[in-house]
Amino acid sequence: MATSQPPDDVFNQSPPFEDVNLYAGDRALQRALAREGGGSDEAALHAFGALTGSAEAQDLGRLANEHPPLLKTHDAKGHRLDRVEFHPAYHAIMQASTQAGVHALGDEPCPHVARAAKLYLAIQMEAGHVCPLTMTNAALPVLFRMGSDGEAWITKARTPGYDPRHLPLQDKRAVTLGMGMTEKQGGTDVRANITRAEPAGARRPGRQYTVVGHKWFMSAPMSDAFLILAQAPGGLTCFLMPRILEDGRANALHFQRLKAKLGNRSNASSEVEFAGAHAIAIGDEGEGTKVIIDMVTETRLDCAVASAGLMRSALAHAIHHAHHRRVFQNVLIHQPLMMHVLADLALDVEAAVALSFRLARSFDGSSDLDIAWKRIMTPVVKYWTCKTAPALVAEAMECLGGNGYVEEQPLARIYREVPVNSIWEGSGNVMALDVVRALRRQSDSAALVVADLAGRAKAEPRLHAAAMALQTLLADTARHEQNARALTEDLAVLAAAILLAQSAPPAIAEAFISARLADRRCAFYGSRITSGDCAAILSEAAPQNTLT
Ligand SMILES: Cc1cc2nc3c(=O)[nH]c(=O)nc-3n(C[C@H](O)[C@H](O)[C@H](O)COP(=O)(O)OP(=O)(O)OC[C@H]3O[C@@H](n4cnc5c(N)ncnc54)[C@H](O)[C@@H]3O)c2cc1C
């Protein structure tokens with residue numbers, strides 16, 4: 001009689017991918033830090049890598065997403081509350097990441113690169129909480145414009161640790177900041193903002209205003225203050241809007257709803273009305289876009305780094321699983337086709353890490369090339385990493401088979417998370433058009449970046465050919481807008497190939513150059529179509545019953 005397997009005897013399942021040091025186990029990250037700097041405090045990186053990869057931290061990440069934030073607009077007696085309640089796991093994760101300094105540049109050499117490494121690790125612990133950390137750091141360059149008015153905010157925004165209490169600035173140990181730009185009728189096009197700001201009382205250097213209007217998306221609504229845009233008499237202007245006033249009263253921010261989102265569930269994203277909220281102007285009236293762009297540029301770097309981190313996490317889970325799972329009597333990782341899939345994924349992770357950390361260095365540098373890289377390559381790298389991530393995570397999820405699709409594994413959560421990086425802080429088209437704008441308006445910077453890439457490409461015939469092809473595309477200025485995605489993608493892939501040729505192991509560099517430049521088979525939507533009647537195709541494809 002055959003002995004049957006007891007049903008509780010589980011075998012041929014991969015062990016959990018936890019209690020792993022996410023820094024120590026990541027050679028791509030270590031290579032990027034060696035190349036770009038920012039790894040001076042190795043002991044801290046090791047410690048944070050161990051913390052973020054610990055079973056305990058990973059479980060906190062799960063809990064913070066399974067118990068999403070809840071908005072309490074009023075108390076039991078009808079008084080406004082405007083509070084969001086978070087699960088204790090969220091607060092614990094915030095404490096861990098703010099203690100490590102993910103929320104503000106430190107004083108170490110290459111601070112943007114050093115912080116990028118922490119952010120890249122923090123997002124592998126839990127993605128949603130990175131939103132307020134990104135916004136707090138990104139607000140700093142704008143707060144510096146306020147002179148002495150901004151000093152206390154800057155000091156407390158840079159303080160390690162987390163203080164979620166609902167108190168005025170002077171009573172807080174540490175603060176976080178958010179951002180409110182997007183309105184119902186326009187997000188990308190902030191000039192369409194209709195929220196109004198009127199000077200409060202006599203106009204004086206204190207620059208107090210009263211704001212009436214709304215924001216359609218305002219994430220991390222329990223931040224201590226927000227940088228917002230509103231129409232002042234002199235035009236669109238940037239304001240600092242505290243949530244709690246100096247006297248301890250709540251400012252007039254009335255939260256209407258929290259968004260029900262595809263992913264990013266541990267993070268609250270609110271709809272808010274300003275019912276005569278108090279705010280302080282930063283910069284001159286009419287200069288709002290110019291002022292807040294410093295914040296937006298920093299957040300775009302974070303989107304790229306965050307996408308690279310999530311890609312790394314997905315790849316690591318996939319490789320780990322393939323190491324342990326046998327299918328048809330053979331361990332998956334040794335099966336040639338699975339090996340090819342995983343290796344192909346690894347190429348893009350290596351490229352995403354290389355590009356985003358090179359971009360971070362350009363934020364730290366002051367050479368002409370660094371300044372040009374920051375301007376030209378921020379939208380390029382944000383576009384490419386954020387666009388690569390969803391397809392890559394889907395493939396990595398598939399490597400885990402059915403388990404990948406189940407919520408108890410983090411892959412499903414990562415999959416729901418990744419598209420947001422491409423949408424917020426400038427969606428794909430907006431990034432590609434920003435590259436075109438930079439080519440036109442900052443043509444010297446663009447020329448410097450392209451000449452540098454071409455110079456580095458010279459020695460390798462396939463890199464050289466790609467640089468020549470890019471220059472041909474760039475020369476066709478009349479078609480820059482329609483070719484915007486192709487241009488952006490080509491810049492990203494060439495820059496990545498050059499970085500990998502410079503510092504990745506030859507197997508990776510060689511495979512990336514062959515697969516992504518020489519025998520190119522895949523591209524993103526928008527760059528595959530090089531000829532044809534787009535209007536006719538769209539007219540055929542559009543949902544006919546919605547056309548007027
Ligand atoms: C989870 C989440 C949290 C958010 N949190 C915040 C927040 O805290 N603060 C905040 O201010 N905003 C926030 N946002 C809003 C977000 O930044 C915007 O949704 C985003 O910038 C896009 O703007 P939009 O929604 O108005 O889309 P639109 O601007 O209407 O864009 C729609 C599409 O059109 C494309 N497009 C735009 N212009 C052109 C063009 N000229 N040519 C071709 N295509 C074009 C875009 O790429 C996009 O694909 C959040 C969004 C999400 C999803």
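Modeller: Let's begin with helix α17, residues 506–518, where Ala509, Phe512, Ile513, Ser514, Arg516 and Leu517 are buried. Buried means under 20% relative accessible area, with exposed over 50% and partly exposed in between (1.4 Å probe, protein chains only). Helices (H or I, at least four residues) and strands (E, at least two) are DSSP runs, numbered from the N terminus. The buried residues of α17 pack against α9 (336–364), α15 (461–475) and α16 (484–503); contact here means heavy atoms within 4.5 Å.

A word on the model: it is predicted, so local features need pLDDT of at least 70 and side-chain atom pairs pLDDT 80 or more, while totals for chains, interfaces and linings use all residues. Residues are numbered from 1 along each chain as its sequence is written, and side-chain values use heavy atoms, leaving out hydrogens and water.

Now the rings. The whole structure holds three aromatic pairs. Rings of Phe, Tyr and Trp (its six-membered ring) pair if their centres lie within 6.5 Å; planes under 30 degrees apart are stacked, over 60 edge-to-face, and the rest tilted. Phe86 and Tyr90 count as stacked because their centres are 4.2 Å apart and their planes at 15°. Both Phe86 and Tyr90 are buried. Tyr209 and Phe239, with centres 4.9 Å apart and planes at 65°, are therefore edge-to-face. This pair links distant parts of the chain, 30 residues apart: Tyr209 belongs to strand β5 (208–219) and Phe239 to strand β7 (235–242). Tyr209 is buried at 6% relative accessibility, and Phe239 at 0%.

The side chain of Asn193 makes a polar contact of 3.1 Å with that of Lys215. A polar contact is a pair of N or O atoms within 3.5 Å; within protein, one must be able to donate a hydrogen and the other to accept it, and residues adjacent in sequence count only if both atoms are side-chain atoms.

Finally, Lys156 sits in helix α7 (151–158). Lys156 is buried yet has no salt bridge, with the nearest side chain of opposite charge, Asp171, 6.8 Å away. A salt bridge needs a side-chain nitrogen of Lys or Arg within 4 Å of a carboxyl oxygen of Asp or Glu; Lys and Arg count as positive, Asp and Glu as negative, and His and the chain ends are not counted. A polar atom of the Lys156 side chain does lie 3.3 Å from the backbone oxygen of Gln170.
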